[in-house]
Amino acid sequence: MLFDVFTLFPDVFEPYLQASIVQRARQNGLIEVRLHNIRDWAADKHRTTDDTPYAGGGGMVMKPDPIFAAVESALGMATGDSAPCPVILLTPQGRVFTQRIAAELAEHPRLALLCGRYEGVDERVRQHLVTDEISIGDYVLSGGELPALVLIDALTRLIPGALGDPDGAADDSHASGLLEYPHYTRPPDFRGWQVPEILLSGDHAKIARWRREQSLLRTRLRRPDLLTAAPLTEADRKFLANLEANDPLKVEG
Ligand code: ADE
């Protein structure tokens, strides 16, 4: 999967892209990240990429010309062509990023990610270049760089072979529509806090059921909104109905 990232701050990407799972995915050729500095396409001698807003209002607005030039050049578009892949603007005004959107975007072999800064980008960029707008949550960051990294990371995890464990992504919180069950590792007794005995039992069917129930409990307690959309089995529904009857909020251990 190829990511073309358009930013005024390409340097902030490298440290994250050089670590852990994303780095390994790059080394294995599963993803490629091309960083494009929008400033390189500014035409004037000061390499200006922003300007004051028409009609006032404070703050600065990213100029359309360097952004169009950068994206059209990197994606090989002639002027006025539509882009050969989604062009995603990272903005707090976009649709809020979820695991479902990650899965949807992971279907594309190539994505262009446009990182806004300052008050935002000239509206003509949204209207005539951008094909999708994504927010990573209802809060405002200083720019789209961290959101672009969030997106790259979440999509990389979905590429077969990117995680050491082939089932890793399937078990992640949100992948199944539920929050993930709790994890434990050695030692079995840490400061008197025990690992649940069932995890040491070797009974795989029982462990699978326990984990599923922990997922349901956790989701019900922390994110009950997710339960309405999650695909639940008959056994899940029975478990939840039983909880309903027995004061659920006291159940989680
Ligand atoms: N740019 C600034 N804040 C953002 C957010 N929450 N999501 C995506 N892009 C942003």
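Helices (H or I, at least four residues) and strands (E, at least two) are DSSP runs, numbered from the N terminus. With that in hand, we can walk through this protein. Please keep in mind that this is a predicted model, in which local features need pLDDT of at least 70 and side-chain atom pairs count only at pLDDT 80 or more, while totals for chains, interfaces and linings use all residues. Residues are numbered from 1 along each chain as its sequence is written, and side-chain values use heavy atoms, with hydrogens and water left out.

## The whole protein

The protein has 10 helices and 10 strands. Its radius of gyration is 23 Å, well over the 18 Å that the globule rule gives for 253 residues, so the protein is more spread out than a compact globule. (The radius is taken over C-alpha atoms, and the globule rule is 2.2 Å times the number of residues to the power 0.38.) Along the principal axes, the C-alpha atoms fill a box of roughly 70 × 40 × 35 Å.

The domain assignment, which is an automatic or database one, gives domain 1 (2–156) and domain 2 (173–246). The C-alpha centres of domain 1 and domain 2 are 38 Å apart.

How much of the protein is buried? Here, buried means under 20% relative accessible area, exposed means over 50%, and partly exposed lies in between (1.4 Å probe, protein chains only). Buried residues make up 41% of the 253 residues. The accessible surface comes to about 14500 Å², and 52% of it belongs to carbon and sulfur atoms; such areas come from the Shrake-Rupley method with a 1.4 Å probe, and for residues only the protein chains shown count as cover.

A contact means heavy atoms within 4.5 Å. Of the contacts in the protein with a separation of 6 or more, 71% are between residues 24 or more positions apart.

There are 27 positive and 36 negative side chains, and the centres of the two sets lie 4 Å apart. In this count Lys and Arg are positive and Asp and Glu are negative, while His and the chain ends are not counted. Each charge is placed at NZ of Lys, CZ of Arg, CG of Asp or CD of Glu.

Helix H3 (residues 64–74) is mostly covered, with 8 of its 11 residues buried. Just after H3, Gly 76 takes a positive phi of about 70°.

In helix H4 we find Ala 102, which counts as buried at 1% relative accessibility. Leaving out residues up to four places away in sequence, Ala 102 touches Phe 97, Ala 154, Leu 155 and Leu 158. Glu 107 sits in the loop between helix H4 (99–105) and strand S6 (110–115). Glu 107 is exposed, with a relative accessible area of 67%.

Glu 133 belongs to strand S8 (residues 132–135). Not counting residues up to four places away in sequence, its contacts are Leu 89, Thr 91, Gln 93, Gly 94, Arg 95 and Arg 126.

Val 61 lies in strand S4 and is partly exposed, at 21% relative accessible area. Beyond its neighbours within four places in sequence, Val 61 has contacts that include Thr 49, Pro 53 and Val 121.

The table gives C-alpha distances for some residue pairs.

| Pair | Apart along the chain | C-alpha distance |
|---|---|---|
| Glu 107 and Leu 155 | 48 residues | 9.4 Å |
| Glu 133 and Gln 93 | 40 residues | 7.3 Å |
| Ala 102 and Leu 151 | 49 residues | 7.3 Å |
| Val 61 and Gly 168 | 107 residues | 41 Å |

## Backbone details

Most residues other than glycine have a negative phi, and most peptide bonds are trans. Which way does the phi of Arg 47 go, positive or negative? Phi of Arg 47 is near 55°, a positive value. Arg 47 is in the loop between strand S2 (32–37) and strand S3 (50–51), and is partly exposed, with a relative accessible area of 35%.

Ala 55 is not a glycine either, yet has a positive phi of about 70°. Ala 55 is found in the loop between S3 and strand S4 (61–62) and is exposed, with a relative accessible area of 87%.

Finally, the peptide bond from Arg 186 to Pro 187 is cis, with omega near 5°. Pro 187 has its place in the loop between helix H7 (168–171) and strand S9 (189–190).
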